[in-house]
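Hello,

Here is the structure we spoke about. My notes follow below it.

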Amino acid sequence: MAGRRVNVNVGVLGHIDSGKTALARALSTTASTAAFDKQPQSRERGITLDLGFSCFSVPLPARLRPGPEAGAGAGAGQLQFTLVDCPGHASLIRTIIGGAQIIDLMMLVIDVTKGMQTQSAECLVIGQIACQKLIVVLNKIDLLAEEKRQAAIDKMTKKMQKTLENTKFRGSPIIPVAAKPGGPEAPETETPQGISELIELLKSQASIPTRDPSGSFLMAVDHCFSIKGQGTVMTGTILSGSVNLGDSVEIPALKVVKKVKSMQMFHTPVTSAMQGDRLGICVTQFDPKLLERGLACTPESLHTIHAAIVSVKKIPYFRGALQTKAKFHITVGHETVMGRVMFFSPAPDQFDCEPLEETFDFGKEYLYQEQYLSKDSTTAEEDKKSDQPVEKWPKQQWALLEFEKPVTCPKLCLVIGSKLDTDIHANTCRLAFHGKMLQGLEDKNYTETFLPKLKVYKLKHKEGLVERMDLTLTPRSF
């Protein structure tokens with residue numbers, strides 16, 4: 001089918017000042033209204049403060065063309081890479097998490113002169129949760145002395161290979177580039193190095209993402225602004241379903257329904273769009289100040305919840321135990337709220353049962369846990385006293401999340417729990433756990449109406465001292 005367009009969303013993540021925005025600029029041919037630090041505050045501070053979007057296209061590689069189309073040449077279609085430029089500053093990790101949830105492939109940008117830094121590590125953790133493929137980009141190779149450049153690149157490549165060894169990204173490709181030779185103040189005439197090789201690598205790593213136009217429309221809105229004489233534009237990435245010109249869409253957080261007046265993809269007018277597409281939707285009579293970031297959806301397809309049951313996994317780099325009743329920053333899509341957790345697990349004789357990925361069985365009984373069960377949740381002293389075997393961790397655990405303020409989100413969405421109040425200068429991972437939303441509790445009085453259906457029990461025992469024991473012996477005792 002000539003003219004076919006395949007869109008792949010590529011996250012550009014890394015520590016602050018590793019050159020992410022310069023890399024996005026060097027790769028891109030088309031920028032959105034929110035690209036390359038266009039915000040005045042970003043230009044003033046010299047750092048990325050929000051998600052930036054831009055794109056470039058290449059002929060669809062033969063290996064991605066279906067059937068006879070494989071030999072049809074350049075007319076067989078286009079492979080579009082939409083770059084999601086994420087902030088790198090520690091205080092903006094909420095935005096980074098939001099950006100990571102809409103990507104198919106991740107580029108981890110490393111300053112070759114500094115190597116892995118704190119936010120590089122957090123971005124790697126987020127990538128392991130949110131996507132399946134990684135490319136490591138060693139940027140700023142122009143800062144290395146020419147006679148020692150290759151040796152330094154080889155050394156950093158080996159370091160990064162070792163870092164990735166114990167992650168899902170083991171064996172991922174690593175490529176050196178100089179996105180902006182000479183630094184930010186250098187003239188634009190300076191030609192970036194390694195960009196054509198990076199594009200070839202992206203083409204080789206890209207796969208056609210699974211896209212489904214059916215079901216309810218849901219879009220993660222990341223920018224909202226007005227255009228004089230036209231209306232208000234909401235830009236974002238479609239998470240599910242599809243949308244057509246003239247459809248009605250709801251902004252559930254505001255209980256507002258608007259009709260789609262026009263739509264664009266990177267300045268190109270379109271009449272329809274589907275899951276995975278980067279889109280701008282224009283509506284009328286809507287104040288953009290009411291919506292900075294959030295969701296747009298098919299009317300009445302989303303609901304606001306006050307609590308949720310999620311399947312949880314601890315992030316191994318988080319130090320310390322995950323305690324029941326503790327408060328965490330809970331990120332659901334682009335929204336982050338405070339929430340209190342209660343952990344629970346299957347009954348001990350059910351620890352080896354295979355996980356239920358997308359459902360929760362209310363017919364079963366569950367064991368209350370004072371904390372998430374993991375190898376680092378007990379001390380060595382406790383392990384010595386325990387008669388249980390070493391492999392005593394359940395294959396699946398859950399948490400009841402109680403939000404301090406209601407959130408609007410779809411079922412089965414990604415949930416990340418963090419300790420964002422941790423000192424950003426501390427060399428520690430602030431991301432604590434991740435999971436999948438299995439059941440949202442819409443009733444404000446869920447503690448009375450819903451929680452009684454959740455069968456969570458506590459194991460109790462009493463300790464005492466026997467001071468005296470009377471034994472009466474009879475002939476039958478012998």
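**Packing and cysteines**

Leucine 198 is in contact (heavy atoms within 4.5 Å) with Leu23, Leu27, Met107, Ile135, Val137, Ile175 and Val177, leaving aside neighbours within four places in sequence. This is a predicted model: local features need pLDDT of at least 70 and side-chain atom pairs pLDDT 80 or more, while totals for chains, interfaces and linings use all residues. Residues are numbered from 1 along each chain as its sequence is written, and side-chain values use heavy atoms, without hydrogens and water.

The largest nonpolar core has 28 residues. (Such a core is a set of buried Ala, Val, Leu, Ile, Met, Phe, Trp, Tyr and Cys residues joined through side-chain atoms within 4.5 Å; buried means under 20% relative accessible area, exposed over 50%, partly exposed in between, with a 1.4 Å probe and protein chains only.) Leu23, Met107 and Leu198 have the most contacts inside this core. Helix 6 gives the largest share, five residues. Another core, of 26 residues, lies apart from it and includes Cys86 and Phe169.

Helix 1 (residues 20-27) and helix 6 (residues 195-205) have axes that come within 10 Å and cross at roughly 85 degrees. That makes helix 1 roughly perpendicular to helix 6 (65 to 115 degrees; axes are lines fitted to C-alpha atoms over the stretch in contact, angles run from 0 to 180 degrees between N-to-C directions; helices are DSSP runs, H or I, of at least four residues, numbered from the N terminus). Leu23, Ala26 and Leu27 meet Ile195, Leu198 and Ile199 there.

There are zero disulfides (cysteine sulfur pairs within 2.5 Å). For cysteine 123, the nearest cysteine sulfur, that of cysteine 86, is 7.3 Å away. Cysteine 123 is buried at 1%; cysteine 353 is partly exposed at 33%.

Best wishes

Conventions: Helices (H or I, at least four residues) and strands (E, at least two) are DSSP runs, numbered from the N terminus. Angles under 35 degrees count as roughly parallel, over 145 as roughly antiparallel, 65 to 115 as roughly perpendicular and the rest as oblique.
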